[in-house]
Amino acid sequence: MPAVKVVATNRKARHEYDITETIEAGLVLKGSEVKSMRAGLVNLKDSYVQFRDGEAWLVGCHISPYSFARGGGHDPDRDRKLLLHRREIARIAAKVAERGLTLVALRVYFKDGIAKLELGLGRGRAHYDKRRAIRDKEQRREMDRAARHRGRT
């Protein structure tokens, strides 16, 4: 079983989007970016995937500069290339081309020492959908709590 160390999660993404499929991708990073990631200096808020010239790019991900890096390190907001198979890119790009679907970053982690990114393919939620999701979650939590309480008596 591979060792997984989660570095950062985008908790807002599951609230903003109705995620239907998750995809694992590798990242092309510089040395100082890996060091910053190991220190947990990553922010995935507002990050998404763009397709350019048959390649997938992560846009809007902020990796803070590593303070001990030589020569100033890296640009914290640069676009980062994703490592996916050509067929995967074609399949996902076709789905994203559908109206309303988008590909957002859900979490960044190290799997056996290699940086990975979990992507979520989803459709943006309207305001009333977000309220419904919150209501359903609260009802589920209350039912679980009641079932737990019933089991004690």
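**Figure 1. Overall view: the protein has 4 helices and 9 strands.** Helices are DSSP runs of H or I with at least four residues, strands are runs of E with at least two, and both are numbered from the N terminus. Starting at the N terminus, the order of elements is β-α-β-α-β-β-β-β-β-α-β-β-α. Please keep in mind that this is a predicted model, in which local features need pLDDT of at least 70, side-chain atom pairs count only at pLDDT 80 or more, and totals for chains, interfaces and linings use all residues. Residues are numbered from 1 along each chain as its sequence is written, and side-chain values use heavy atoms, with hydrogens and water left out. Along the principal axes, the C-alpha atoms fill a box of roughly 65 × 40 × 30 Å. Of the 153 residues, 31% count as buried (buried is under 20% relative accessible area, exposed is over 50%, and partly exposed is in between, with a 1.4 Å probe and protein chains only). The accessible surface is about 10,200 Å², and carbon and sulfur atoms account for 48% of that area (Shrake-Rupley method, 1.4 Å probe; for residues, only the protein chains shown count as cover).

**Figure 2. Close-up of the positive patch on the surface.** Here you will find Arg 11, Lys 137, Arg 140, Arg 141, Arg 145, Arg 148 and Arg 152 gathered together. Patch residues have over 30% relative accessible area and no salt bridge; like charges are joined within 9 Å, and nonpolar side chains (Val, Leu, Ile, Met, Phe, Trp, Tyr) within 5 Å. Helix α4 (residues 127–152) supplies the largest share, 6 residues. Arg 141 sits in this helix and is partly exposed, at 43% relative accessibility. Across the protein there are 34 positive and 20 negative side chains, and the centres of the two sets are 4 Å apart. Lys and Arg count as positive and Asp and Glu as negative, without His and the chain ends; each charge is placed at NZ of Lys, CZ of Arg, CG of Asp or CD of Glu.

**Figure 3. Close-up of the salt bridge between Arg 91 and Glu 21.** A salt bridge is a side-chain nitrogen of Lys or Arg within 4 Å of a carboxyl oxygen of Asp or Glu, and the structure holds 11 of them. In this pair, the closest N and O atoms are 3.0 Å apart. Arg 91 belongs to helix α3 (residues 86–97) and Glu 21 to strand β2 (residues 17–27), so the bridge links distant parts of the chain, 70 residues apart. Arg 91 is partly exposed, at 36% relative accessibility. Glu 21 and Arg 91 also form a network of salt bridges with Lys 95.

**Figure 4. Close-up of two further salt bridges, Arg 52 with Asp 79 and Asp 129 with Arg 132.** The N to O distance is 2.7 Å for Arg 52 and Asp 79. Because Arg 52 lies in strand β4 (residues 48–52) and Asp 79 in the loop between β6 (62–63) and β7 (80–83), the pair ties together parts 27 residues apart in sequence. For Asp 129 and Arg 132, the N to O distance is 3.5 Å; both are in helix α4, 3 residues apart, about one turn of the helix.

Figure 5. Glu 118 is buried, with 16% relative accessible area. Leaving aside neighbours within four places in sequence, its contacts include Arg 14, Thr 22, Val 104 and Tyr 109 (contact means heavy atoms within 4.5 Å).
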